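I opened my notebook to look up a few overall properties of this chain. Here is what I wrote down, entry by entry.

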Amino acid sequence: MVNIGGGFPAHYRGDVPAIDGYARAVTAAITRHFGNQLPEILIEPGRSLVGDAGIIQTEVVLISEKGCGDDHRWVYLDVGKFNGLAETMDESIKYRIATPGRSGVSGPVILAGPTCDSADILYERTEYQLPLGLEVGDKVEILSTGAYTASYASVGFNGFSPIRTYCI
């Protein structure tokens, strides 16, 4: 038996190969090493199976400009690292972001969560652009959040309730 684990990706901001590309690579490697005596193969599909099924709908709670020649608006959401977005730590996973009902000219933003913790900045180095007409109260959707976000949500960090999960 060979357990090749997981690692099959969801569709975040970058392109990902189709699952059949992974299957061809795994089949070629297993055949190269085992010939016609193929072992049982265990695969954990992980986020490729459920990642794209989730959306976190959040709301803009504050928009600020820091000034001093910085053209980035700071957009604070009511969901952050401690509400299920732990994998944004070090900007590891770069989720796709949508702004339903808002379009038009966009500008660079820094996205942050609602807590006073300095670690609750989701994206500061990775370029994200959101509509210039974005306002407090607007909805922002964080896409492909079906893997792990609900289980990462803390219970009551800084007085914030964990995110509610709806299964449809």
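**Charges.** I started with the charged side chains of this predicted model. I found 13 positive and 20 negative charges in the protein chain, and their mean positions lie 3 Å apart.

**Fold elements.** Next I went through the secondary structure and found 3 helices and 8 strands. Reading from the N terminus, I noted the order β-α-β-α-β-β-β-β-β-β-α.

**Dimensions.** I then looked up the radius of gyration, which is 19 Å for the protein chain. For a compact globule of 168 residues I would expect a value near 15 Å. The C-alpha trace spans about 65 × 35 × 30 Å along its principal axes.

**Contacts.** I also checked how far apart in sequence the contacting residues are.

**Surface and burial.** How much of the protein chain is buried? I noted 34% of its 168 residues as buried. The accessible surface comes to about 9900 Å², and carbon and sulfur atoms hold 55% of that.

**Cysteines.** How many disulfides does a search of the whole structure find? I got 0. Cys-116 has 74% relative accessibility, so I put it down as exposed. Cys-167 is at 77%, so it went into my notes as exposed too. The cut-off I used for both is over 50% relative accessible area.

Key. Residues are numbered from 1 along each chain as its sequence is written. This is a predicted model: local features need pLDDT of at least 70, side-chain atom pairs count only at pLDDT 80 or more; totals for chains, interfaces and linings use all residues. Side-chain values use heavy atoms; hydrogens and water are left out. Helices (H or I, at least four residues) and strands (E, at least two) are DSSP runs, numbered from the N terminus. The radius of gyration is taken over C-alpha atoms; the globule rule is 2.2 Å times the number of residues to the power 0.38. Buried means under 20% relative accessible area, exposed over 50%, partly exposed in between (1.4 Å probe, protein chains only). Accessible areas come from the Shrake-Rupley method with a 1.4 Å probe; for residues, only the protein chains shown count as cover. Lys and Arg count as positive and Asp and Glu as negative; His and the chain ends are not counted. The place of a charge is taken as NZ of Lys, CZ of Arg, CG of Asp or CD of Glu. A disulfide is a pair of cysteine sulfur atoms within 2.5 Å.
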